[in-house]
Amino acid sequence: MKIQIKRICIYPKDIERITGKSYRQSARMLQAIRKSLNKLENELVTIEEFCQYAGLKIEQVEPLIFG
């Protein structure tokens with residue numbers, strides 16, 4: 001039985017798939033999320049934090065990220 005590994009952080013490419021925005025706009029959105037959460041530049045944003053910021057349900061987002 002193979003264990004499927006799911007990651008918890010989100011990247012601009014994932015946001016690009018979810019929103020349909022360009023890669024650069026997605027990176028800016030990620031920066032805005034970090035700023036609103038008072039995170040440092042090197043700290044990662046979780047999928048859950050992205051969903052809360054964007055007002056999306058995690059059940060809708062996960063299939064777009066993990067396939």
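In which helix is Asp-14 found? The legends below answer this question and then turn to other parts of the structure, which is a predicted model.

**Figure 1. Asp-14 in helix α1 of the predicted model.** Asp-14 is found in helix α1, which covers residues 12-19. The relative accessible area of Asp-14 is 3%; buried residues are those under 20%, so Asp-14 is buried. When residues up to four places away in sequence are not counted, Asp-14 touches Arg-7, Cys-9 and Ile-65.

**Figure 2. The packing of helix α2 with helix α3.** Two packed helices are described by the angle between their axes and the distance between the axes. Here, helix α2 spans residues 23-36 and helix α3 spans residues 47-54. The two pack at an angle of about 95°, and their axes are 11 Å apart. Angles of 65 to 115 degrees count as roughly perpendicular, and α2 is therefore roughly perpendicular to α3. On the side of α2, the contact is made by Met-29, Ala-32, Ile-33 and Ser-36. Helix α3 contributes Phe-50, Tyr-53 and Ala-54. Sorted by class, the residues in the contact of α2 with α3 are 6 nonpolar and 1 polar, with no charged residues.

**Figure 3. Asn-42 in the loop between α2 and α3.** The loop that lies between α2 and α3 holds Asn-42. Is Asn-42 buried or exposed? The relative accessibility of Asn-42 is 65%; the exposed class begins over 50%, so Asn-42 counts as exposed. Asn-42 and Lys-57 are 15 residues apart along the chain, and a distance of 26 Å separates their C-alpha atoms.

**Figure 4. The chain as a setting for the close-up views.** The secondary structure comprises 4 helices and 0 strands, and the order of the elements from the N terminus is α-α-α-α. Along the principal axes, the C-alpha trace of the chain spans about 40 × 25 × 20 Å. A compact globule with 67 residues would have a radius of gyration near 11 Å, and the value of 12 Å for the chain agrees with this. Of the 67 residues in the chain, 27% are buried. Among contacts in the chain with a separation of 6 or more, 42% are accounted for by residues 24 or more positions apart. The chain exposes about 5,200 Å², of which carbon and sulfur atoms supply 53%.

Key
Residues numbered from 1 in each chain as written. Predicted model: local features only at pLDDT ≥ 70, side-chain atom pairs only at ≥ 80, totals over all residues. Heavy atoms only, no water. Axes fitted to C-alpha atoms, helices over the stretch in contact; angles between N-to-C directions. Parallel < 35°, antiparallel > 145°, perpendicular 65-115°, else oblique. Contact = heavy atoms within 4.5 Å. Nonpolar A, V, L, I, M, F, W, Y, C, P; charged D, E, K, R; others polar. Rg over C-alpha atoms; globule rule 2.2 N^0.38 Å. Buried < 20%, exposed > 50% of the residue type's maximum accessible area, 1.4 Å probe, protein only. Areas by Shrake-Rupley, 256 points an atom, 1.4 Å probe, with all protein chains shown as cover.
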